[in-house]
Amino acid sequence: MNRKRFLNTLFASVVAISMLITGCTQKNSKPPEVSATPGENAAEENTAAAAKEPITFSIWPVMFANNIPSGIQEDPVAKDIEAKLGIKMNIDTHPTDEKWKALMASGDLPDIILAPATDMVTLIKSGQVIPLDELVDKYGGDIKQNASEMLKYSQKYLSNNTGDTYFLSSGVEPVNPAITQTPWGLLVGPYLRWDYYKELNYPEIKNFDDYINVVADMLQKHPTNEEGKKNFGFSPWFDAQGVLFQTNTFTGYVLGKEGSGGALVLESNRDGSDVRNMYTTEDSIMWQGVEFWYKVKQKGLMDPDAFTQKNENAQQKANTNQVLASVFSWPLAPTNGYLKGLGHDGKGFTPVPIPMIDAKYAYSIPTPTGLNGRSWAITKNAKNPERAMELINYFFSINGAMTIYNGVEGTDWVLENGKAVLTEKFRQNNGDPDAAVKYGYNKYQNDVGLGPNFINPATNQKLNLLNEKEEEKLALASKNAVEADFVQYYGKEVASEVLPKNRVSGDAFSTSMTGFINSFMPIEVPTDIKRQEGALTAYIEKQLLKVMLAKDDNEFKALKQQTIDQAKKMGVEALYDYYSGEFAKALVQAKEIIKF
């Protein structure tokens, strides 16, 4: 079993433009104290760095949202880290399961890794990662102050029962009901060309078929783009995160359900209720996702390369305006800037998804113990574990997180009257479709220790300043005019307000607890279960592609039934029994920390 196991439930938490927390309270919850006001220690850090020998660390990261060259990172954020710590980061920016497995097998891991949860026990038992307790005590002051709950959780649940700290989970956000936030639908949903949607007179999108039909109408009117290149309705990819990522995520977002357990065999509501067998339930989010992509292909909307292309190939097509729609935000994110640069201001994509009628949006994703599917660790190969811990600590510091999200202090943001304010230079730079590559803005957001909505008590602001409403309003002025037109049509001040507000506080859908529940699932499972889920995952990832490629409805139904029957023969029901039992235990443990 590989890293895909937790991806569906946790992915939105670390990449989303905003993550949300409403309607929950944590025992003894209060904002953590911060180690320093932003900007307070900058001069001291630079002086300290100058006194240390420069050092370069090799790093295995979480997948990047942008196509970024591997090697020593030279963007302004990376250079600022080098100036403060004397550390250069040599990052493989295209991590794959195949590379990871080869590194694990050879023992030739980089100095620092962000480890997948499913391999933690193996890493500990094989001695490939080192205990961090003494290093955290001496060099991890910000980790201790800003992520104390994460440390306790790691020692108890991620230590292979040793009680030691091996892993430091990223994306920590203490539960804070006072934060006013917006739907994480800003990451997933029906994205499309707004100017073409406007041309069709804003047809209502109530379900998956409506979405497909709208995109079909667009492609019929616009078979080529502004540069005369062929347009594709959709250009997904099925390699990097896996087939289940593409089948489950969008349908789960709309229907308020998520996957859990080995091979994602469980489907549940976001509060952990209504657990069903993902594979044998005919209307599960997996099967509805398979049917969605089948219909996209039948309508002639699918990029013919979709089933073989890599993530970076799909992103390149979307980034250069050859795709009319996407169920994810990040492939299309740079395209509005690209179009504006070509002189097409007022043309482009919706900044948030088109609101779907009755979609079950999630408004809260609590991560007080971090995301254990992407946890920092130092390997036995690290040339200088002490300096490595200094780098990790930086990613958990207020100033470090502020820099990673917003760029370099003094250039991209400044302190004014006790508040952090983005500069005009940042707003201009952020409109560049290559802003992450050129300026480092949000480039390392998947690795940062503190989540974007973690509140900085020194300024009472979210660490990612673009998640502050006033900054979102100001940012509109420097963006493609299509985004302002979108906001104006719905009568809102900012794009994040377009999606409907929380329907019912505390219902089974509005707070996504599944990722948190999954963090209490066992990271080591019995050998027979592990063997079963590995075989089932390998089978289902190939078989679902065959079902999507069915030539007609009759063949689709036959292949679907064949898949369900074969999954049963391969023991999917026993796998479901095991993981549903573990999920029930995990639900109890999760509720001991957060009441929901």
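**Close-up 1. An open sheet of six strands with mixed pairing.** The strand order is S3-S4-S2-S5-S12-S6. The model shown here and in every other view is predicted. Strand S3 (71-72) and strand S6 (168-170) are the edge strands. Each of these two pairs on one side only. Strands of a sheet pair through backbone hydrogen bonds, either parallel or antiparallel. S6 and S12 run antiparallel, joined by three bridges. Ser169 has its bridge partner, Ser375, in S12.

**Close-up 2. The loop between helix H8 (148-157) and S6, with Asn161.** Asn161 lies in this loop. Its phi is near 65°, a positive value in a residue other than glycine. Asn161 is exposed, with a relative accessible area of 75%.

Close-up 3. Strand S13 (residues 413-416) and strand S14 (residues 419-422) run antiparallel. Four bridges join them. Leu415 stands opposite Ala420, a residue of S14. Two residues lie between the strands of this hairpin. Here Asn417 takes a positive phi, near 55°.

**Close-up 4. The loop between strand S9 (266-269) and strand S10 (276-277), with Asp274.** Asp274 is found in this loop. Phi of Asp274 is positive, near 55°, in a residue other than glycine. The relative accessible area of Asp274 is 41%, so the residue counts as partly exposed.

**Close-up 5. The aromatic pair of Phe208 and Phe292.** The structure holds 37 aromatic pairs, and this view shows one of them. A pair of aromatic rings is described by the distance of the centres and the angle of the planes. For Phe208 and Phe292, the centres are 6.1 Å apart and the planes stand at 70°. The pair is edge-to-face, because planes over 60 degrees apart count as such. Phe208 belongs to helix H10 (residues 208-221) and Phe292 to helix H12 (residues 285-298). The pair therefore ties together parts that are 84 residues apart in sequence. Both Phe208 and Phe292 are buried.

**Close-up 6. Arg193 over two rings.** The charged end of Arg193 sits over the ring of Tyr196, at 4.0 Å from the ring centre. Arg193 also lies over the face of Phe349. There the distance to the ring centre is 5.9 Å.

Close-up 7. A search of the whole structure finds 32 salt bridges. Side chains of opposite charge can pair when their charged atoms come close. Lys84 and Asp80 form one of these bridges, with the closest N and O atoms 2.9 Å apart. Both residues lie in H3, four residues apart. That spacing is about one turn of the helix. Lys84 has 7% relative accessibility and counts as buried. Asp80 is buried too, with a relative accessible area of 13%.

**Close-up 8. The salt bridge of Asp92 and Lys99.** The closest N and O atoms of this pair are 3.3 Å apart. Asp92 is partly exposed, at 21% relative accessibility. Lys99 is also partly exposed, with a relative accessible area of 33%.

**Close-up 9. Lys383 and Asp111, a salt bridge between two loops.** The side chains meet at 2.7 Å, N to O. Lys383 lies in the loop between strand S12 (371-378) and helix H15 (385-395). Asp111 lies in the loop between helix H4 (97-106) and strand S5 (112-115). The pair therefore ties together parts that are 272 residues apart in sequence. Lys383 is exposed, with a relative accessible area of 52%. Asp111, at 5% relative accessibility, counts as buried.

**Close-up 10. A salt-bridge network.** Lys469, Glu470, Lys473, Glu493 and Glu497 are joined into one network. The salt bridges that join these residues share partners.

Terms used:
Residues are numbered from 1 along each chain as its sequence is written. This is a predicted model: local features need pLDDT of at least 70, side-chain atom pairs count only at pLDDT 80 or more; totals for chains, interfaces and linings use all residues. Side-chain values use heavy atoms; hydrogens and water are left out. Rings of Phe, Tyr and Trp (its six-membered ring) pair if their centres lie within 6.5 Å; planes under 30 degrees apart count as stacked, over 60 as edge-to-face and the rest as tilted. Buried means under 20% relative accessible area, exposed over 50%, partly exposed in between (1.4 Å probe, protein chains only). A charge sits over a ring if NZ of Lys or CZ of Arg is within 6 Å of the ring centre and within 35 degrees of the ring normal. A salt bridge is a side-chain nitrogen of Lys or Arg within 4 Å of a carboxyl oxygen of Asp or Glu. Two strands pair if DSSP finds at least two bridges between them.
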